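Trainee: I've got a model open and I'd like to talk it through. Can we go one piece at a time?

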Amino acid sequence: MSMYKTRFWWACASIALVTFSLPSAATASIQQTKGNYEDKFRQLDEVLPTPNVYRSAAGEPGENYWQQKADYKIEARLDEKNRRLDAAETITYQNNSPYTLKYIWIQLDQNIFRNDSRAERSATFGSHPDTDLGGIDKPARISLGQLRRQQFMADNELGFAIDEIANSEGNALSFTIVGTNMRVDLAEPLAPGKSTTLAIDFGFNIIEEDAVGGRSGYEHFPDDAREGGNDIFLIAQWYPRVAAFTDYEAWTNKEFLGSGEFTMEFGDFEVAIDVPADHIVSATGELQNPDQVLTEQQQRRLEQAKTAQRPVFVVTAEEALENEKAGTDERKVWRFAAENVRDFAWASSRKFMWDAKGYQQGGSVQPLVMAMSFYPKEGGDLWKKYSTESVIHTMEVYSRFSFDYPYPTSQSVNGPVGGMEYPMITFNGPRTELQDDGSRTYSLAEKRFLIGVVIHEIGHIYFPMVVNSDERQWTWMDEGLNSFLDGVAGREWDPSIPWGVEPRSIVDYMKSSVQVPIMTQSDSVLRLGPNAYSKPAAALNILREVILGRDLFDFAFREYAQRWMFKRPTPADFFRTMEEASGVDLDWFWRGWFYSTDHVDISLDRVYKLQLDTKDPDIDWQRRRQEQADKPVSYFVQRNEAEGRKTWVEMNPDVRDYHDENDRFTVTNKQRNAYQSFLDKLEPWERRVFDRAIAENKNYYVLDFSNLGGLVMPILLQMTYADGSTEDYRVPAEIWRRNADNVSKLIVTDKEVVSFAVDPNWETADVDIENNYYPRKIIPSRIEAFKYERGTDHISRDLMQEAKTELKTEEDQSDDES
Ligand SMILES: [Zn+2]
């Protein structure tokens, strides 16, 4: 190809064509639009559910929005010795839907632990870290933990025992259990606006969390001074809970398979928990009978904590240590009440110390929130210093992004669960390590884990405990939004901690081949961590910092949180609200980040420096002559010259003619007249524009970009000028709207550019940054020298020598260990 032409259509019928000189090889590619062509900017409304009276096109609850209500009264008794829970509950179910219901579905999540559950029967071998299919010359493997799990499940009868279900008249209702779901047939259909009551007696054997794995369970401490040791009980998914009945799905009928968490209804709870008298109980809600379960001193301390600068111990370390030595046959009943919560969880142990500090958040909703932590001596100084403070920090940051924390308590409890959230209560795993000298210390990793997990789990009290998204279907709606915000809160705590939600932290995942779109049902997601946590969190970071800017993003995000607090949003409600409230079309963003597995890889392939033709042949043709002269001379000619070989023309100067004295760039009056004629035909305004452009003689650069990753994104360009200064130029994603594969961009500068960089600050999760520079950079890396060593397989064994090995005694073994 010979000439690259850029056309300017000025806003007028008359067209003045100005040309740039450009080296060869530049081509403007035309995109293939047949076959696999995909419009990355196609409107998302074609995919989203149609707006209706329940959910509006703005992403708001519609004018007829409704949700059900389920209130619970539960009396539970913890049988510590048998690690069993027995309880009786009364559910008052309010039908706010426009439909008449003949039955009510109940979630029986404990049934996931039955040997014949859908989760157990559909578990695959080799797809879990605990099992490994092996390979060539490598046996398949199963972890001891997995064997322990199988043994525990074989030895214990797990799942709910449901004795009886009755209505308010005491008449038995028939029920049908379908895995982790149960249909209770009502005696009479429940009309819209009416409520009904179910009384359910139930019980179950509590799982050992370390053995089975789950979101609750007991942990045994065999080394405690007390005969037989002690347990910490974390109790959740523990009562038959009403399944969600919604405008978009009717009854939730996806069974609990383990990953997809819970889809819940809001309601009020009154729960009485009967435990050994020396236990300390933490639970969703507010303690109703402190005078019956706490000493007067403990009650005074709790009062002091409300205005304390640092957490105050309600139960001190010494008292907890004393408790865990003894045990008692006495019992106490702890009574809790919680309003407008979607679930209820609790924890109980005689090992707990308890600290508390009031968070004075002000406002009218909940001016004082009690931040509290419950932990055994194994939590130690790590918990004393950071747990309750992290709880408060979380509320300070999250409230700024959403709404005031709406509940009276906010709790962090240590136990066997690494991290799990419930309304007003969270389970968090980090511990200190017992050293030989009897002290307890913790690593930097454990400290970061504690602060990080507390922020994350307390953050969940906002999403999804208040903004009640459907976890069974969409893990990203709570984990992704929450990971985004826990990163914000985390960086405000200590930016040196890697929060894992920076754009750079997801590039390995984004370019990997084992991926499904974020918009995949929770139980079918591959690689849940990056899929449902880090990728959506990083995407939201990018949306905030790169695409919308903080003002627009924060306004829209807060709008989403406030629209949907104590309500039930779907993905469409989130997508629509973010667009409607920011005023920015983000369909391409949701498509690329949430509905596809494309990644970001924008390559800056070529840069052309263009010089505007003056049209004056005496200037332009001289330039072209120079361009010609700058091209390399044929090596054939060079070597002939080096050999001293003369050409015929040189040897016969007497026969030279006009063509030997002039070249094709020689200007004659013919061209000068044409130039004058070009100038004469310009309209006055065209002449002004042209003269100014010639006089300014700016630098025109054409940059060729290709989109190798498929995900359309803004191009964050940085120019470095010859004088060393830099300038940023942000190209919006819409540059890709007609051709998502290749685009060219004209950049006009006053100063000469020496290099261009795309996304030099790593803001877009571009997976290959080597192709982001023009000119390219040498890639710094490392190489290590190493000594080759032969492998030791069983043929290489020196059996003759090994046979001489003496058997070690137990004493020898312990000597080796120390
Ligand atoms: Zn989470």
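Trainee: Let's start with strand S24 (residues 409-414): how many of its residues are buried?

Mentor: A strand here is a DSSP run of E with at least two residues, a helix is a run of H or I with at least four, and both are numbered from the N terminus. Buried means under 20% relative accessible area, exposed over 50% and partly exposed in between, with a 1.4 Å probe and protein chains only. On one side of S24, Thr409, Gln411 and Val413 are buried, and on the other Ser410, Ser412 and Asn414 are too. S24 is mostly covered, and its buried count is 6 of 6.

Trainee: Before we go on, what should I know about the model itself?

Mentor: It's a predicted model, where local features need pLDDT of at least 70 and side-chain atom pairs count only at pLDDT 80 or more, while totals for chains, interfaces and linings use all residues. Residues are numbered from 1 along each chain as its sequence is written, and side-chain values use heavy atoms, with hydrogens and water left out.

Trainee: Which residue in S26 is the bridge partner of Val413?

Mentor: Two strands pair if DSSP finds at least two bridges between them. S24 pairs in the parallel sense with strand S23 (residues 368-375) over 5 bridges, and there Ser373 stands opposite Ser412. S24 also pairs in the parallel sense with strand S26 (residues 425-428), over 4 bridges. In S26, the partner of Val413 is Phe427.

Trainee: Over to the zinc ion: what is its site geometry?

Mentor: Donors are N, O and S atoms within 2.8 Å of the metal (3.2 Å for Na, K and Ca), and water is not among the atoms, so sites may look incomplete. The protein donors are His456 (NE2), His460 (NE2) and two OE atoms of Glu479, at 1.9 to 2.5 Å. Four donors count as tetrahedral if all angles lie between 85 and 135 degrees; four count as square planar and six as octahedral if opposite donors are over 155 degrees apart and all others between 65 and 115, and anything else is irregular. With angles of 57 to 153 degrees among its 4 donor atoms, this site is irregular.

Trainee: How far apart in helix H8 are His456 and His460?

Mentor: Along the chain the zinc donors follow the spacing H-x3-H-x18-E. Both histidines, His456 and His460, are buried. They sit in helix H8 (residues 444-460), separated by about one helical turn because they are 4 residues apart.

Trainee: How many aromatic pairs are there, and what parts does the Tyr65 and Trp564 pair tie together?

Mentor: Rings of Phe, Tyr and Trp (its six-membered ring) pair if their centres lie within 6.5 Å; planes under 30 degrees apart are stacked, over 60 edge-to-face and the rest tilted. That rule gives 51 aromatic pairs. Tyr65 and Trp564 are edge-to-face, 5.8 Å centre to centre with 80 degrees between the planes. Tyr65 lies in the loop between strand S1 (20-21) and strand S2 (69-79) and Trp564 in helix H12 (residues 550-564), so the pair ties together parts 499 residues apart in sequence.

Trainee: Which ring does the charged end of Arg504 sit over?

Mentor: A charge sits over a ring if NZ of Lys or CZ of Arg is within 6 Å of the ring centre and within 35 degrees of the ring normal. Lys615 lies over the face of Phe678, 5.2 Å from the ring centre. For Arg504, at 4.7 Å from the centre, the ring is that of Trp762.
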